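Subject: Structure handover

Hello,

Here is the structure for your files. My notes on the pocket, the cavities and the annotated residues follow below.

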Amino acid sequence: MTGHTAGPTARLHAALAAATEDSLVVDLSGVADRCAALRRELPGVAIRFAMKACPLDDVLSCLAARGVGVDAASPGEIAQALHAGVPAGRIHYGNTVKSDSDIAAAHRLGVRDFATDSLEDVRALAVHAPGSRVFCRLATSGQGALWGLSDKFGCGPDDAVRIMETARGLGLTPSGLSLHVGSQQMTADAYQRAFEQLGDVLTALRRRGITPDHVNLGGGLPALGYLDRHGMPLDPPLDKIFTVLREGIRALRREHGDELAFLVEPGRHLVADHGALRAHVARLALRRTPQGEPLHWLYLSCGKFSGLYEMDAVQYPLVFPTHPGAPTVPAVVAGPTCDSDDAYSHEEGLVQVPENLASGDPVWVLSCGAYATSYMTRGFNGFAPPRPVCTGGPASAGGLGEGPER
Ligand SMILES: *Cc1c(COP(=O)(O)O)cnc(C)c1O
C-alpha cells in the first residue's frame, strides 16, 4: 500500500469519544486527506465529488475549497452545491434521467455540462439548455463491483455515436464521454475494460469529425474499511486500480491527443472511511432459533434506516469503546426497527461482541460515511435519524488547495 489508510483518524476517534448521543460523525480533515491522496495518485485529473455519497454542506465546502467540483443529479443538489461554494463551472449534471423542468432549472442555475444516454434526452437538452456541453455515458457490465449500476444507465458504442452526432446537429457541444464501472469496484480489470470501450468510441467519433475534449472515468473507487458479509476485510486492490488508471489515461492521450482532459467522480472513496456512527446498544439478547439453537442478537440503536442502508452487502467494523479486550460471543448484529431486513446477514456473518454489553453502552460503527445520510429515513418506527456532525473543520483549503481546475 502507498499510505492509503483505512482506519479512522485520531480526530474521528476523539469526536466519537466525545459524543454523548447518537450521531453520524464526519471527519473533514480525513476527507481532505483522502482527496489530496487521490490527487497524488492521479495527477492532473479533475475531481468531481458525487455528492449523493455525503450531501452535507460542510463536506461540500471543504472539498470546494480544495478545487473539487461536484457531480450532481438534480436541481436540488445543484442548488445545495452552489450554496456550499462550488462554482457553477465545476458542477456537472451527471444524471442521465431528467425532466424538461429539471434541465431548464439546472441551466438557469448556470450548469452547462450534462450527461446523456438517449436521443430523447439530447433533444430536450437542445431545447431547455441550448448550446450546452454534453457528455455521453457508455454502459458497462458493472462486473467486479459490489453495486453494479448496469442496465439503468449508459448506451452502447453505436448509440453513443448517434447521440453525439445528434447533439452536434442540434447546436450542442458533444464534449465528452463518461462511464461508471460500478460502485465499490473491486477489480482493476473493470477499469481496463472501460479504457478499451472509451478508446473504441473515441475512434468511431473521430471518423465522424467529433473530437471530445474530456473523458469522465466516473465513480466506483472503493472504500478501504469495509468488511465482507463474513466479517473479513474486503481489501480492494487500490494501488493496482490507480496503476491501470494512469496507464489507461496515458494510452488514450497517446492515441487521441495530449489535450484530452480526464475527470473522476468518486463518491464513496472520498467519504466512506471518514464517517462513523456513534450508536448505542439497545439490547444484547440470547434467543433460540426455530431449530432450538441458542443465538446471541446484538440490537443497536441505529441500523439499515439510520445510516447503515448497505448493511445487506457489507459489514462495518464495530468498536465497543467501553469494553476493550473483554471476552466476546458471536452475535447477529441488527438495527432497532420492526423490519427483519434491518440486520447483518446472519447466516454468514456473526460478529464477535463483548458478552457483558449493557443497554446504553456506546458502539462505534466505522467506515459508514458514504450513502449514510442519503439513505436515512425520516424516522422508521419513530427512531429519529442520528444527527450529522462534522469535525476537523474549518473547511478552509489550509494550503492544500491546488488551484482552480480547467
Ligand atoms: C453515484 C455516482 C457516482 C459515485 O459512485 P461511487 O461508487 O460512490 O464512487 C459517480 N457518478 C455517478 C454518475 C453516480 O451516479
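In what follows, Ala, Val, Leu, Ile, Met, Phe, Trp, Tyr, Cys and Pro count as nonpolar, Asp, Glu, Lys and Arg as charged, and the others, Gly among them, as polar. This is a predicted model, in which local features need pLDDT of at least 70 and side-chain atom pairs count only at pLDDT 80 or more, while totals for chains, interfaces and linings use all residues. Residues are numbered from 1 along each chain as its sequence is written, and side-chain values use heavy atoms, with hydrogens and water left out.

The largest pocket

A pocket here is an open set of points on a 1 Å grid over the protein atoms alone, with protein on both sides within 12 Å along at least five of seven lines; a cavity is a set of points where a 1.4 Å probe fits but cannot get out, and lining residues have an atom within 4 Å of a point. Grid points are joined across faces, edges and corners, and a volume is the space filled by probe spheres set on the points.

The largest pocket holds about 560 Å³ of space. Its lining consists of 29 residues, and Lys 52, Leu 149, Phe 153, His 180 and Tyr 371 lie nearest the centre. By class, the lining has 11 nonpolar, eight polar and 10 charged residues. Domain 1 (28–271) and domain 2 (273–391) each supply at least three residues to this lining; the domain bounds come from an automatic or database domain assignment.

UniProt, in an unreviewed entry, lists Lys 52 for "modified residue: N6-(pyridoxal phosphate)lysine". UniProt positions are given in the numbering used here, feature names are shortened, and annotations may be inferred rather than shown by experiment. Lys 52 sits in the loop between strand S2 (46–50) and helix H3 (57–64); helices (H or I, at least four residues) and strands (E, at least two) are DSSP runs, numbered from the N terminus. Lys 52 is partly exposed, at 40% relative accessibility; buried means under 20% relative accessible area, exposed over 50%, and partly exposed in between (1.4 Å probe, protein chains only). Not counting residues up to four places away in sequence, Lys 52 touches Glu 77, Tyr 371 and Ser 374, where contact means heavy atoms within 4.5 Å.

Around S17 and H11

Tyr 371 is in the loop between S17 and H11 and is buried at 11% relative accessibility. Phi of Tyr 371 is positive, near 60 degrees, although the residue is not glycine. Ser 367, also a non-glycine, has a positive phi of about 55 degrees. Ser 367 lies in the loop between strand S17 (362–365) and helix H11 (372–375) and is buried, with a relative accessible area of 4%. Within helix H11 is Thr 373, buried at 19%.

The unreviewed UniProt entry places "active site" at Cys 338. Cys 338 is in the loop between strand S15 (328–334) and strand S16 (351–354) and is exposed, with a relative accessible area of 74%.

There are four cavities of 30 Å³ or more. The second largest cavity holds about 50 Å³, and its lining includes Ser 301, Pro 336, Thr 337 and Phe 383. That lining divides into four nonpolar, five polar and one charged.

Regards
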